[in-house]
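Here is a short note for a colleague opening this model. Please keep the structure in view while reading.

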Amino acid sequence: MKRFFHGFCHNKGGFIGLSVLVLVTLLAVFAHWIFPDSPWDIVNAPYMPPLSDDALLGTDTLGRDIATGIAYGARVTLVLALVSTAVSILLGITVGSVAGFYGGKVDQIIVGFIELFQTIPGFFLAVVLVAILTPSIGTVILAIALVSWPPLARLVRAEFMSMKHREFVEAAILSGQSNARIILTQILPNSLSPVIVSGSLMVASAILLESALSFLGLGDPNTMTWGYIIGASRSVLRDAWWMSVFPGIAILVTVLALNLVGEALNDALNPKLARKRASS
């Protein structure tokens with residue numbers, strides 16, 4: 001752990017990304033104190049430009065404050081991305097570990113199931129799922145999770161296949177431990193490094209996917225998210241540029257921060273790879 005924290009803290013990009021994520025999280029947590037009004041309240045005239053009276057980042061088509069919407073939207077966007085990522089990680093680890101550990105026909109069946117999902121473009125599958133199930137927070141989380149788990153399942157499967165013949169696994173088998181215990185206590189803890197790195201990048205992908213769905217009008221219409229604000233500005237992109245630019249910047253900065261943190265985690269968890277990258 002000491003080596004991990006030392007490697008992570010010495011990565012400037014990771015430190016900057018983590019600092020940005022902390023600021024975004026603080027904004028989401030204390031949104032109701034920073035902006036007492038509801039993001040749905042009409043506080044000014046419509047189409048007020050940035051730096052107007054009582055409208056730091058301007059207002060939307062109904063006169064709602066953009067800054068308030070971004071602050072409250074950070075809360076829902078982050079929670080939605082984290083929950084959908086957690087569900088997809090759970091699915092990916094479960095499917096990948098079973099395929100990698102048992103191999104044989106079980107592996108062939110599961111790999112075929114994974115490939116079935118991967119033959120369909122993820123974004124179009126998410127659009128179809130949300131459209132069929134009606135747009136809501138729950139259906140958006142489900143759609144993002146269902147299109148995100150296959151790559152992680154393949155990653156976990158490869159890790160399990162490379163580790164199931166190691167000495168410590170064979171020793172656990174000879175000691176009479178059950179397959180479930182070997183998977184959960186022996187192999188899985190030693191396979192978490194790539195899962196952690198992949199998970200941080202999946203959060204960023206979830207934010208982008210939710211924003212794309214909301215832009216198409218497939219987000220929850222009763223929930224304020226960054227994607228919802230951008231989606232509401234589709235028809236006024238030229239007349240009220242601030243409605244899409246500021247939430248777009250919030251998405252850009254957060255996704256970039258998550259990618260920087262993911263890179264730093266990769267370097268900290270794989271020091272040999274980091275040294276090889278630095279020497280090249």
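1. A cavity is a set of points on a 1 Å grid over the protein atoms alone where a 1.4 Å probe fits but cannot get out, and lining residues have an atom within 4 Å of a point. The model is predicted: local features need pLDDT of at least 70, side-chain atom pairs count only at pLDDT 80 or more, and totals for chains, interfaces and linings use all residues. Residues are numbered from 1 along each chain as its sequence is written, and side-chain values use heavy atoms, with hydrogens and water left out.

2. Two cavities of 30 Å³ or more turn up in the whole structure. Volume here is the space filled by probe spheres set on the points, with grid points joined across faces, edges and corners.

3. The largest cavity holds about 70 Å³. Its lining includes Pro39, Arg64, Met224 and Tyr228. Helix 11 (226-232) and helix 4 (66-102) each supply at least two lining residues; helices are DSSP runs (H or I, at least four residues), numbered from the N terminus. Helix 11 gives the most, with three.

4. The second largest cavity has about 40 Å³ of space. Among its lining residues are Ile137, Glu210, Asp220 and Tyr228. Helix 7 (137-163) and helix 10 (192-215) each give at least two.

5. Where is Phe30? Phe30 sits in the loop between helix 2 and helix 3. Phe30 counts as partly exposed because its relative accessibility is 32%, and partly exposed means between 20% (buried is under this) and 50% (exposed is over this), with a 1.4 Å probe and protein chains only.

Note on methods:
On a 1 Å grid over the protein atoms alone, a cavity is a set of points where a 1.4 Å probe fits but cannot get out, and a pocket is an open set with protein on both sides within 12 Å along at least five of seven lines; lining residues have an atom within 4 Å of a point.
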